[in-house]
Amino acid sequence: MTLSPNAQAMAYLLSAVLFIFALKGLTHPTTARRGNLFGMLGMLIAIAATLMGSAVQTYGLIIVGIGCGAVIGIIIAKRIQMTAMPQLVAALHSFVGMAAVLVAIGTFFNKRASAELTGLLMGELSAGIVIGAITFTGSVIAFGKLQGLISGKPVKFSGQHFINALLAMATVALAVHFGLTGALWSLLLMTLLAFILGATLIIPIGGADMPVVISMLNSYSGWAAAATGFTLHNYLLIIVGALVGFSGAILSYIMCKAMNRSIINVIFGGFGSDNESANTATAAAGQGVKSASVEDAIYWMEDASKIIIIPGYGMAVAQAQHALKELMEQLQARGAEVLFAIHPVAGRMPGHMNVLLAEADIPYDLVMEMDEINPEFPSADVALIVGANDVVNPAAKDDKSSPIYGMPILEANKARQVYFLKRSMRPGYSGVDNLLFYQENTALIFGDAKATIEGMVAALKRQ
């Protein structure tokens, strides 16, 4: 069965509407599941409409490709841990980028000897290759940093801004030359420089800015898809690419605003720990850190009226969200108000903590964003920090020499008592020491977060 162009266009329109509803649904945890279903249905309709179009002459290789992709996707989905979700997203972005590059190069060789290879088409091919190549290598570097294959610290080198600018100008010049002449050598050199530029742009960016980088690469992958849509004359791919591109760009802006950072600085400047970024926490280390036990924390929490729990990447590593659900229920049974505080960049990607808490069936109305939860800290008896670090570091407000100075934080330090669950004294992903460790009302409980929280639950049950 072959769809007419009008029927295919209507199917694409329906898919586009479903994708818009999907993005709308993903704006809040309560509607996220429905948003995902809209997106899946939209993609199913889009794939079916494309396969039934007149441009498809044979299904053999398409079926093989879909089958291989489905098997790989199912295996990854079943095996991937939530802690590894950010690097999986980065890896998937790289696939989109490479697909754009391969489609553009394949189109060039396929139409090289025909009259269809116009200046406009070669311009579209240039855009797809440049954006796709930068997305590919940038995403590979981000994956390496998140996976620990590459240091999370900024990898700076002499003259990095000059070299990046030179690479960018040379890439654009070659793209223009290719668009005017169709020369193979300019195509290949442009592709190579774009691959290099993607790596040199991302590798100087440190760990604390990695959530913004993931969002930014998401935007790049959208524009790469849109460019591919122009190349293939597929209107739905153009629409979807634009939706992803704009939503990723908006999310990057929102996250930079939440971190009080310029997106230009994120893209073109390094961030993280280095020898020059000493701050007052180093000097504060001489004051000592108070260590506490599970029993100490329970002594404070069993009669507390309000407890605010702040999850971070350490909670994800320990898979402690289900234990937190039990702790919440035990505390609520004693009449305590239990709230969860989420920073916009907690974890390694946007929404990381929200998904983990939702996985443990923690009610959405108890999970509060930074702006609405910060006024609650002064009236909280206990702030329980589970593996978070940079997002509660008072250095962001008090230490002008700190690299994270100016970043809005969760004001856990204003609670009567702060308990910090950590494996060690190591700083957060940014590499910046945490001033909160050394405050008078703070105590650290060392050990695995899940085991510690399970110990708290058991102690409360014995009371």
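A: What follows begins with the chain as a whole and then turns to one helix pair.

This is a predicted model, in which local features need pLDDT of at least 70, side-chain atom pairs count only at pLDDT 80 or more, and totals for chains, interfaces and linings use all residues. Residues are numbered from 1 along each chain as its sequence is written, and side-chain values use heavy atoms, with hydrogens and water left out.

The chain has 18 helices and six strands; these are DSSP runs, numbered from the N terminus, with helices (H or I) of at least four residues and strands (E) of at least two. Of its 463 residues, 50% count as buried, meaning under 20% relative accessible area with a 1.4 Å probe, protein chains only.

The pair is helix α14 (residues 321-333) and helix α18 (residues 449-462), whose axes lie 9 Å apart at an angle of about 25°. Axes are lines fitted to C-alpha atoms over the stretch in contact, and angles run from 0 to 180 degrees between N-to-C directions. The angle makes α14 roughly parallel to α18, a term for angles under 35 degrees. Their crossing is left-handed: the near helix is turned anticlockwise from the far one by less than a right angle.

On the α14 side, the contact (heavy atoms within 4.5 Å) is made by A323, L324, E326, L327, Q330 and L331. From α18 come K450, I453, E454, M456, V457, L460 and K461. These residues divide into eight nonpolar, one polar and four charged. Ala, Val, Leu, Ile, Met, Phe, Trp, Tyr, Cys and Pro count as nonpolar, Asp, Glu, Lys and Arg as charged, and the others, Gly among them, as polar.

Terms used
Parallel < 35°, antiparallel > 145°, perpendicular 65-115°, else oblique.
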